[in-house]
Every structure is written in C-alpha cells, then in structure tokens.
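Biologist: I would like to learn how to read a few features of a protein model, with the general idea stated before each case. Could we go through them slowly?

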Amino acid sequence: MDRQQPDVRLALCDLWQAFGAVALLTRYGSDAPWPHRSWAREAHGALTPRLRSVVALARRRGRVPSFLGAGIASRRAGITEELDDLARTPAGPVRDEIAREYPAAVEDPPIAALIRDPENQLRCLAADFANFWQVAVEPREAGLARCLEEEILFRSRTLAMSGGAALLHELGLPLERAGGTGRLTAVPMMFADGTHWWSVAGGRIAVSFAARGAGILHAGRTGPKREGAAQDRREDRLAILLGRGRASVVRELAEPITTSALADHLGLAASTVSQHLSALVSAGVVQRHRAGTRVLYELNRSGMTLTQCLMSQQASQG
C-alpha cells in the first residue's frame, strides 16, 4: 500500500455516541448550545458521577479508554452488545491502561474504585451507560440512526472516489493521530462538542468527527409542534434576517431532508420551498447532495454557525 495513502475506514459505535452525549452534558450541563440545547435540558438528569469521571479521564488529551471502543473494532450492532463487551473487559488491561495513560486520575474516587475492583465497577459503568442511553438517546434513536446511516453513505462516496487522505482532509481529522501507521477508523458522532475523541481499537486508531444532521436533536423533532409556536417565533432574529418563510425552512434543515418532505412538514407548496432552498444554497448556508435517487438538503457549517449564533443571542436576551 502507498505510504502516502492511509488505510481509512468508517464505522458506527453506539457506545461512542453515548460517550459523546455524556461529554457534551458534562461540559455544558443543561445549557448546551444549539442544536443540543433542548435535548440537554431533557437529558442532563441522567448523568452520574461515574459517567462524569470517565469523560474527565479522556478530556485532557481526547483519548477515550480502549475498553469503550470494542464496538468499533468488532462492528457488532447495538448498544446492548457493546455494553456487554464493556462489562466483560478483563481487569488486567483496564488497570494497565489507566496507570499508563491516565496516572493522575487515581485521585478521582470513581476511577480509584475502578482500579481496585474493575470487574464490579465495569458492570456498574455499563449499567450507568444503559440507563443514560434509555433516557437521553433512545427517545431520538430512530432519527439519529437514520442520520448516521446517511452520513456513512455520504462519506463513503468521498472515500471510494478520492481516497482516505481526501476524506480525512474533508472531515478535518488529524492524520498524525494515526501514529505513523496510516490505519485509521473514522466514527461519526451526533453529539459533538468540537473534540476529536480518539482511541485504539483492534490495532487501529479510531477518531470521532461531527456528523451532519445533529439538528434533529432540536426541540420539535420528536412530537407535534406546540400550538402557537409560529406566533412565538414571528419576531425572532432568524425571521428578521431571512424572512419568516426562509426562517421556517432553515429550522427544518437541521437534518438532511428532501424538498417534498420539507414541503409536507411546513404545509407549503413544493415550488415555494424549492425557491427558498435555491436562495439559501446561493447564500452559502445550505448544501445539497444526492443519496441514491434522492436529493437531500441541510445546513452546512456556515448555516449551523449562523443559526446557533442568532438563537443563542435570543435565548440569552429572553
């Protein structure tokens, strides 16, 4: 294999999704930035001291303990199987890794307990993650899974057509993280706080990246819209800047969606939605891409930043 062309793969890991969600809540509490804010208000109560300590373990260097990455290497589907693997991790490697990679963590009581009694503490950690998943992730699991599958398909096209180095550049992932081996697994995360979490999994370096479509976590995606919501939003900053029609379109573009589905959600004519989308694409805040026979639209990084800024300012003044 050409040494200049890294061996890059894509993989999903539910346990890393849960870890990312815990990290986001640990960093921001219930006041996480858009699009995670309304989700965070519902989910922050599921945190436990043990979960916070595991995130603190990884925070300084961004290195996630390898006993949380078995699902990446095995490609076994589902949080249940991954938590079973976590609970069955041998005690020796856990102690060795903590002593080698996180020596200062022994002052943290939950980590000290993990060192003293890994078998029992790993079972408790798995139980904490299972409860957290049920409360914080499971209510939105179907939408999250759909977005992650779309992300894998979309990124696989770059990988197939342009190679691993091009994909890493597109994702803003640090190639040097591969430690010279050139063997790297990229893991999309719906719960991302700007950190490229990384770990060693199955002889490869696993690195996380922020998946598109995280706006599905924003309020209103899991149930009927609150009566009077349009009235509440009439004078918001986004509507003042873009107009009410385009502002309503932007809110629905937090996850990838087709023109027809968008028209159905908003109760607008497809031609009207198409005009709004064309203007937003031209303005550089919306991107479109093809997935099979469908053309999907969503906010790009600039659009997410603009929306987050305006909504955060409005919330702080509310």
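Biologist: Is R155 buried or exposed?

Modeller: Buried means under 20% relative accessible area, exposed means over 50%, and partly exposed lies in between, with a 1.4 Å probe and protein chains only. R155 has a relative accessible area of 9% and is therefore buried. Please keep in mind that this is a predicted model, in which local features need pLDDT of at least 70 and side-chain atom pairs count only at pLDDT 80 or more, while totals for chains, interfaces and linings use all residues. Residues are numbered from 1 along each chain as its sequence is written, and side-chain values use heavy atoms, with hydrogens and water left out.

Biologist: With which residue does R155 form a salt bridge?

Modeller: A salt bridge is a side-chain nitrogen of Lys or Arg within 4 Å of a carboxyl oxygen of Asp or Glu. R155 forms one with E170, and the closest N and O atoms are 2.7 Å apart. The pair links distant parts of the chain, since R155 is in helix 9 (residues 141–162) and E170 in helix 10 (residues 164–171), 15 residues apart; helices here are DSSP runs of H or I with at least four residues, numbered from the N terminus. E170 has 35% relative accessibility, so this residue counts as partly exposed.

Biologist: How many salt bridges does the structure hold, and which residues are linked in a network?

Modeller: The structure holds 13 salt bridges, and a network of them links R61, R63, R100 and E101. Within it, E101 pairs with R61, their closest N and O atoms being 3.1 Å apart, and R63 pairs with E101 at 3.6 Å between the closest N and O atoms. R63 lies in the loop between helix 3 and helix 4 and E101 in helix 6, so this pair ties together parts that are 38 residues apart in sequence. Both R63 and E101 are buried, whereas R61, at 39% relative accessibility, counts as partly exposed.

Biologist: How are two packed helices described?

Modeller: They are described by the angle between their axes and the distance between the axes. Here the axes of helix 1 (residues 14–28) and helix 8 (residues 118–137) come within 10 Å and cross at roughly 80 degrees, where axes are lines fitted to C-alpha atoms over the stretch in contact, and angles run from 0 to 180 degrees between N-to-C directions. Helix 1 and helix 8 are therefore roughly perpendicular to each other, a term that covers 65 to 115 degrees. Contact means heavy atoms within 4.5 Å, and the residues making it include F19 and L25 of helix 1 and W133 of helix 8.

Key
Helix = DSSP H or I, 4+ residues; strand = E, 2+ residues; numbered from the N terminus. Parallel < 35°, antiparallel > 145°, perpendicular 65-115°, else oblique.
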